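Thanks for coming. I will go through one model, starting with its rings, then the core, then a helix and the charged pairs.

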Amino acid sequence: VRRVAYSHRNPLKTIAADMDMSQSTLSRKLAQDPDDPRRFGLDDLEAFVVATGDTTVVEYLAAKYLQSD
């Protein structure tokens, strides 16, 4: 998610605004600091996909967990 956020054509502040949060909040959530109570949750992931239009993370999770014989 962090790689997509920082390499996206829209700046982080635009992605954050589209997710209805501040740039600093999104940045803190993406930092994954164990001492920071802000976490990037499932609702954030859904908002992130909508804001960026990038489904790379969802595709990764599907490929990893939807393995079938």
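There is one aromatic pair in this structure. The rings of Phe 40 and Phe 48 have centres 6.1 Å apart and planes at 80°, so this pair is edge-to-face. For the cut-offs: rings of Phe, Tyr and Trp (its six-membered ring) pair if their centres lie within 6.5 Å, with planes under 30 degrees apart counted as stacked, over 60 as edge-to-face and the rest as tilted.

Before going on, the sources. This is a predicted model, where local features need pLDDT of at least 70, side-chain atom pairs count only at pLDDT 80 or more, and totals for chains, interfaces and linings use all residues. Residues are numbered from 1 along each chain as its sequence is written, and side-chain values use heavy atoms, with hydrogens and water left out.

Phe 48 is buried at 1% relative accessibility, while Phe 40 is partly exposed at 24%. Buried means under 20% relative accessible area, exposed over 50%, and partly exposed in between (1.4 Å probe, protein chains only). Leaving out residues up to four places away in sequence, Phe 48 touches Val 1, Val 4, Ala 5, Ile 15, Met 19, Phe 40 and Gly 53; contact is heavy atoms within 4.5 Å.

Phe 48 also belongs to the largest nonpolar core, which has eleven residues, including Val 4, Ile 15, Leu 26 and Leu 30. Such a core is a set of buried Ala, Val, Leu, Ile, Met, Phe, Trp, Tyr and Cys residues joined through side-chain atoms within 4.5 Å. H1, H2, H3 and H4 each supply at least two residues of it, and H2 gives the largest share, three. Helices here are DSSP runs (H or I, at least four residues), numbered from the N terminus.

Now H3. Its buried residues are Thr 25, Leu 26, Lys 29 and Leu 30. They sit on the same side of H3, because they cover an arc of only 130° around the axis, taken from the directions from the helix axis to the C-beta atoms. Helix H1 (2–7), helix H2 (12–18) and H4 are among what covers them.

Which residue forms a salt bridge with Lys 29? Asp 44 does, with the closest N and O atoms 3.0 Å apart. Lys 29 lies in helix H3 (residues 23–31) and Asp 44 in helix H4 (residues 42–52), 15 residues apart. Both Lys 29 and Asp 44 are buried.

The count is two salt bridges, the criterion being a side-chain nitrogen of Lys or Arg within 4 Å of a carboxyl oxygen of Asp or Glu. Arg 28 pairs with Asp 36 at 2.7 Å between the closest N and O atoms. Arg 28 is partly exposed at 36%, whereas Asp 36 is buried at 8%.
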